[in-house]
Amino acid sequence: MKNTIKVERAKLNLTQQDLADKVGVSRQTINSIEAERYVPSTVLAIKISEVFKTTVNEIFKLEDE
Amino acid sequence: MERKRNKKDIPLFPGYFKLIGSILILLAIVPAIIFISILDVTWSIPAKELFKTYTYDTFILGLFFIAWSRDKVEDELTFAIRLKSLVFAFFSIIFYVILTPLIDFLLQVNDDLTARSVVFIMLVEYLGMYYWQKRGR
C-alpha cells in the first residue's frame, strides 16, 4: 500500500515525531508506514488522515490503482 | 510513549518485569557457573536434578518475564511484531520437534526432547525474532 504521508508532513512542516505524537503512536511506527514496511490499522489511518484534514483514500492507495 | 490501552490489547507485564527477568537469568546462570565451573562440586543425583530444575526454571521464568513485559513504546506496530514473532516461534518449534528425533536417529545420539527445552527454544526464538524485527525501525 502506497502512501503520501511524507509529502503531507512536508506541507504542514511536521516531523515524524510530531505526527506520531498527534496520532498516539511511536516515531518508529510512522517511519515504518512511510517506508511501506507496515500497513496501519483502519483506526490509525483515519487518525492520520484527520491530522492532514483529508480522506484516508487521499493518503493511502493500493499498489495496483 | 504510552498509548491508551484498549480491551483488545494483549495483557503484558509492566516494563519493570524486564529487570526482574534479567535478575532471574543472572540468578540462574551465576550459581551454575560458580558450582559447576569454578567449584566443580560433585552432586548426588537428587541434588543434581534439583539444581538442574532450579537453573532451568529460573532461566525460563526470566526469559518469559523479559519476553512478556511492556516496552517503553507499545503501539499497534509492536503488537504486530509480537504476533509475527509468536508465529515464527510456534512454527519453528513444530519443525524442531519433528526433526530432532530424525537427526538424533541419523547421528545415533539420544538427546531427549523435554518440555523445558521446547519452551526454552520458543522463548529464545520469540525474543530473537522480536528484537531483530524492531531493529532499525
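# Notebook: salt bridges, a helix and an interface

**Entry 1: Lys18(B) and Asp71(B).** I began with the side chains of Lys18(B) and Asp71(B), which meet in a salt bridge at 2.9 Å, N to O. My rule for a salt bridge is a side-chain nitrogen of Lys or Arg within 4 Å of a carboxyl oxygen of Asp or Glu. Lys18(B) belongs to helix H1 of chain B and Asp71(B) to the loop between H2 and H3 of chain B, so this pair ties together parts that are 53 residues apart in sequence. The helices here are DSSP runs (H or I, at least four residues; strands would be E, at least two), numbered from the N terminus.

Before going on, I noted the ground rules: this is a predicted model, where local features need pLDDT of at least 70 and side-chain atom pairs count only at pLDDT 80 or more, while totals for chains, interfaces and linings use all residues. Residues are numbered from 1 along each chain as its sequence is written, chains are lettered from A and ligands numbered from 1 in the order in which they are written, and side-chain values use heavy atoms, with hydrogens and water left out.

The cut-offs are under 20% relative accessible area for buried, over 50% for exposed, and partly exposed in between (1.4 Å probe, protein chains only).

**Entry 2: Ser69(B).** I then looked up Ser69(B), found in the loop between helix H2 (45–67) and helix H3 (76–107) of chain B. Ser69(B) has 0% relative accessibility, so I wrote it down as buried. Which side chain makes a polar contact with the side chain of Ser69(B)? I found Lys18(B) there, at 3.3 Å. A polar contact is a pair of N or O atoms within 3.5 Å; within protein, one must be able to donate a hydrogen and the other to accept it, and residues adjacent in sequence count only if both atoms are side-chain atoms. Leaving aside neighbours within four places in sequence, Ser69(B) is in contact (heavy atoms within 4.5 Å) with several residues, including Phe13(B), Pro14(B), Lys18(B) and Arg82(B).

**Entry 3: helix H2 of chain B.** I checked the length of H2(B). Its 23 residues should span 33 Å at 1.5 Å a residue, and the end C-alpha atoms are 32 Å apart, which agrees. The expected span is 1.5 Å times one less than the number of residues. Among the buried residues of H2(B) are Phe51(B), Phe59(B), Leu63(B) and Ala67(B). The buried residues of H2(B) pack against helix H1 (17–38), H3 and helix H4 (115–134) of chain B.

Asp57(B) lies in helix H2 of chain B and Arg116(B) in helix H4 of chain B, so the pair ties together parts that are 59 residues apart in sequence. Asp57(B) is partly exposed at 37%, and Arg116(B) is partly exposed at 29%.

In chain A, the side chains of Lys11(A) and Glu8(A) meet in a salt bridge of 3.4 Å, N to O. Both lie in helix H1 (residues 5–12) of chain A, three residues apart, about one turn of the helix. A reminder to myself: an α-helix has 3.6 residues a turn, so residues three or four places apart point the same way. Lys11(A) is exposed at 60%, but Glu8(A) is buried at 14%.

**Entry 4: where chains A and B touch.** I counted 15 residues of chain A in contact with nine residues of chain B. The two chains bury about 930 Å² between them, 53% of it on carbon and sulfur atoms. Buried area is the accessible area (1.4 Å probe) that two parts lose on being put together, summed over both. Across this interface I found zero salt bridges and four residue pairs in polar contact, both residues at pLDDT 80 or more. Helix H2 (16–23) and helix H3 (27–34) of chain A each supply at least two residues of the side of chain A that touches chain B. H3(A) gives the most to that side, with five residues.
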